[in-house]
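Biologist: I am new to this structure and would like a close look at one part of it. Please walk me through the surroundings of the ligand.

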Amino acid sequence: MIGEILSFVNIILSVSILVVILMVYSVYRRVYLLWFILSFSIVPFIFVYSLIWSPGSPFKMGVVVYPISVIIIEVSMLIAQKNLIESIKSGEEEEYKMLLRDDIAILRAYEHLANFFIGRIVPLIGTSSIKELLESRIEKHPVLSGSFVGVDERLNTRALEEIVGKIEVEEISLAFYELISGLLELYSAFVPADKAIEDLRKATEKVMEKNAMIFDWIAPIVLFKTVLEPVLRKCRQEDIMEIAIMVNRSKSGIRVNKDGKIDVGMLYKEYPEKEKTDFIIDKFIYALNKMRPIIQQSIGEENANSMITSNFRKMPTNIKERLYGEGLVEKLPKGILEEEKVTLMSREKLIEELVDRRKKLENAYRELAEAELGKMKATFLDVVAHELRTPLTSIKTYVELFKKGKLGRLTKTQKEKLEIMEENVDKLTNLINDMLQIPSIDIKELELRKEKFPAEEVIGEIVEDCSTLLSEKSMSVSVNIPSSLAIQGDKNLLGKAIKNIIGNSIKYTPSGGKIKISAKMEGDKVHIKIKDNGVGISEDEIERIFDPFYTGNEKEGGMGLGLSIVKNIVEGHGGKVWAESTVGKGSTFHLLLPGGKND
Ligand code: ADP
């Protein structure tokens with residue numbers, strides 16, 4: 001049974017591996033892939049056949065088949081590996097994409113760069129000097145051993161490919177950096193220095209195009225060799241010496257020789273794990289700032305700045321863009337790449353402005369939407385309320401006529417039902433009156449209705465009004481308001497606001513609870529506190545209780561208009577209303593209203 005399950009899994013696995021490899025093969029058509037097919041899928045098939053040969057005892061046959069399969073796997077893996085290495089060496093483009101191994105790709109890119117110069121020097125001097133150069137470099141960097149300049153005048157790195165992965169990219173880079181510097185030196189013995197630098201620019205641009213991964217590893221060569229070195233060469237001999245002494249003494253990892261050649265090999269040894277580009281830029285800026293005063297003294301300030309600027313502009317585009325993008329330009333001293341600085345700055349400013357405008361637009365839009373919504377809500381409520389009021393008035397009138405017996409005699413049940421109808425009509429009328437309070441209060445109209453009235457009086461009246469409700473729930477109320485306190489405003493509206501709050505305190509406090517109402521002067525405002533020991537309001541609710549139609553308690557609560565009316569009235573008077581609460585312990589509502597002392 002286990003054998004059968006295993007063989008079933010085997011079939012599924014082999015078939016899927018087979019399909020995947022065949023798909024890859026259809027794109028990359030490499031021989032080693034066929035060997036992989038053999039090792040990954042044919043062997044499991046042998047297992048399956050072994051089961052068919054002896055269905056009763058799968059493991060017996062397996063004893064023979066297993067070692068054979070292992071041998072086949074080993075052999076085909078070896079052949080596949082050999083094929084793989086061979087196809088890497090043939091340097092075909094697809095292999096780059098296929099492998100995606102940083103170190104091999106970087107190695108290839110360096111090889112490309114070196115071959116570019118070998119191809120140029122060989123017609124001038126043959127291969128002998130180049131071989132010599134390579135040998136001297138191999139001595140210094142054993143990593144390069146196994147590399148050779150072949151009969152086709154190309155540098156081949158057979159040994160390197162085999163040890164890739166075992167050595168650091170930094171080491172490979174350093175070895176190649178020194179090799180390329182040497183080749184460049186050889187080359188500039190035959191062509192003008194400017195041409196050699198121009199060719200270096202071209203070659204690095206091409207290498208970067210093919211493999212952007214190499215950026216951090218060739219950026220130092222480009223920056224120091226193509227931007228700074230040509231300027232140093234234009235300086236007077238004694239000034240170069242002075243620069244060399246000063247730079248070499250600093251611990252920057254940068255060396256300048258007496259001919260003005262810059263050596264940045266040490267930088268590769270100090271390369272940080274991350275943010276290599278920042279590191280290169282900082283080192284470059286440091287060296288530039290150190291050398292600049294002497295360069296300026298030697299060839300003139302204007303001249304120095306314009307030469308450095310033009311060398312920057314001539315850098316390979318793909319390298320330049322990356323360096324500019326990483327903030328090189330902003331760090332450059334005054335007088336270098338000024339135009340670029342302005343462009344970059346104005347671009348940044350433009351972006352800032354755009355972001356700012358966008359924010360403003362968003363705010364304006366939101367305000368507009370809110371205002372529109374507020375207006376719509378107000379109009380809607382107004383229309384609904386008015387439209388409902390007319391039919392309600394006529395219903396109420398008829399109900400009254402019925403009750404008074406003006407429209408014929410009624411039975412007892414009819415009378416009872418009529419009572420219920422009247423109660424509900426009253427409730428509806430109250431609700432509509434509430435709804436009519438929601439639209440913002442007309443401030444001008446309010447001004448006319450403002451008066452000064454004693455706080456104690458109006459609150460006393462409200463408590464009196466609620467007395468039935470209070471005694472039904474056996475609740476007690478304590479009122480502590482100095483008789484001298486007066487509120488300034490529309491007595492009717494403010495009374496309604498305070499009543500809504502007290503009404504809620506009764507509604508949301510269980511029987512036997514307590515309500516405390518107190519007031520005191522605070523500056524020119526009257527601060528009223530209405531405290532209950534009821535159910536309380538949760539933290540996330542407290543923000544919303546003043547919103548129209550928000551009701552936290554579907555069963556107990558009403559339409560959720562009470563507190564929004566309060567807010568409307570209070571704010572219409574230039575006052576404030578807020579609540580504090582702890583769930584289970586109770587709530588305190590605060591009202592800050594314009595007021596003063598009684599006359
Ligand atoms: P309604 O009482 O009609 O639901 P309100 O606008 O008067 O509407 O109140 C909104 C919500 O605020 C209520 O549903 C309730 O959840 C909460 N609330 C108001 N006052 C209190 C209070 N004193 N104690 C606990 N919750 C309250």
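**Around the ligand**

Modeller: Let's start with Asp532, where an N or O atom of the side chain is 2.9 Å from a nitrogen atom of the ligand. This is a predicted model, in which local features need pLDDT of at least 70, side-chain atom pairs count only at pLDDT 80 or more, and totals for chains, interfaces and linings use all residues. Residues are numbered from 1 along each chain as its sequence is written, and side-chain values use heavy atoms, leaving out hydrogens and water.

In Tyr508, a side-chain N or O atom is 2.7 Å from an oxygen atom of the ligand, and in Thr551 a polar side-chain atom is 2.8 Å from a ligand oxygen. Such polar contacts are pairs of N or O atoms within 3.5 Å. On its own the ligand has 530 Å² of accessible area, and the protein covers 96% of that (Shrake-Rupley method, 1.4 Å probe).

Now step back to the whole shell. The ligand is surrounded by 22 residues, and the closest are Tyr508, Asp532, Thr551, Gly552 and Leu563 (a residue is near if one of its heavy atoms lies within 4 Å). By type, the shell has nine nonpolar residues, 11 polar ones and two charged ones, with Gly counted as polar and Tyr as nonpolar.

Conventions:
Polar contact = N/O pair within 3.5 Å; in protein donor to acceptor, adjacent residues only side chain to side chain.
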